[in-house]
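This report goes through one protein structure, from the whole chain to a few of its parts. Please look at the sequence and the 3D view before reading on.

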Amino acid sequence: ISALRAATLEVITFGRQASEGDQPPGQSARALRREARLRREYLYRKAREEAERTAQERKDKVRRALEENRLIPTELRREALALQGSLEFDDAGGEENRLIPTELRREALALQGSLEFDDAGGEGVTSHVDDEYRWAGVEDPKIMITTSRDPSSRLKMFAKELKLVFPGAQRMNRGRHEVGALVRACKANGVTDLLVVHEHRGTPVGLIVSHLPFGPTAYFTLCNVVMRHDIPDLGTASEAKPHLIMHGFSSRLGKRVSDILRYLFPVPKDDSHRVITFANQDDYISFRHHVYKKTNHRSVELTEVGPRFELKLYMIRLGTLEQEATADVEWRWHPYTNTAHKRVFLSAA
């Protein structure tokens, strides 16, 4: 419901822009309405998927309690009978013997024919991930890197080093451009991800990863940054497509963050000697950048080429960067609760 409310608010905003004539150059009122419609449909699909997943989890809890002869969880006891009744139609035998819904009987034969082309691995094609990362692995991502306004020389150097990390990335001077204008320009030029780095007194302290055109947008804190410029005689960095090592992302949120990070990189070739590691430990993600070479048939030699830093996730929004006022918060870190120092989120079982 909140996702639909956010989409409605965005439609009103876009409609007001179109009516007042303050839309950006080259973007007509029809394009604004189309973008609002696509965004609304995406949010609706994601809300439906989340509701279905929650209902299925509740059914699974009741099913396990009945099979193991345990007490039904307290929060499910009021609706246990209704859930138990719906479970009778979810088993394999029930699916074979149920009647075809009335609205589908006319086209049932055509649908049955199309089912022959659906393999066993296609169950997740309606997931929201297909809306967000439908071309991941098919087309190389197109990354745009920029900074906050009035960047220092060290932040500019860090942005240049990030450009070397992501193959095919482009760096843009921020200047006086507003966030909305940046996002619209990126969408118009087919950019898949917009990265914005922030600083405090010359030290990079924040990284925002906004996936286009629908989101999500992940907000990270940067710490322990060591740039290539701080290490003498480091040599040139390889620009080959790197192999990725994702370690310690075992929870649902961890897999979500892992997808956000790994889809920033294209598919590497088998003979690439470049390795990038994202290692999670206690919700701090360590970034390391290495190249390797074989010294003999039994061993390899690793060389770190930098930069290195730690990432701390503190928020994920469902929208893009310019939609902070209307986009829903998918996850937020709450550091001031009593159990905040004990809990881990990215590697929970």
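## Overall picture

Of the 349 residues in the protein, 36% are buried (buried means under 20% relative accessible area with a 1.4 Å probe, protein chains only). The model is predicted: local features need pLDDT of at least 70 and side-chain atom pairs count only at pLDDT 80 or more, while totals for chains, interfaces and linings use all residues. Residues are numbered from 1 along each chain as its sequence is written, and side-chain values use heavy atoms, with hydrogens and water left out.

The protein contains nine helices and 11 strands (DSSP runs numbered from the N terminus, with at least four residues of H or I for a helix and at least two of E for a strand).

Strand E1 (residues 143–147) runs parallel to strand E3 (residues 193–200), and five bridges join them (two strands pair if DSSP finds at least two bridges between them). Here Thr146 lies opposite Val196 in E3.

E3 also pairs with strand E4 (residues 203–211), in the antiparallel sense and over eight bridges. Leu194 is opposite Ser210 in E4. E3 and E4 make a hairpin with two residues between them, and Arg201 in the turn has a positive phi of about 55°.

## Helix H7

Which residues of H7 are buried? They are Leu155, Phe158, Ala159, Glu161, Leu162 and Val165. These residues are on the same side of H7 because they cover an arc of only 160° around the axis (the arc of the directions from the helix axis to the C-beta atoms).

Definitions and conventions: Buried means under 20% relative accessible area, exposed over 50%, partly exposed in between (1.4 Å probe, protein chains only).
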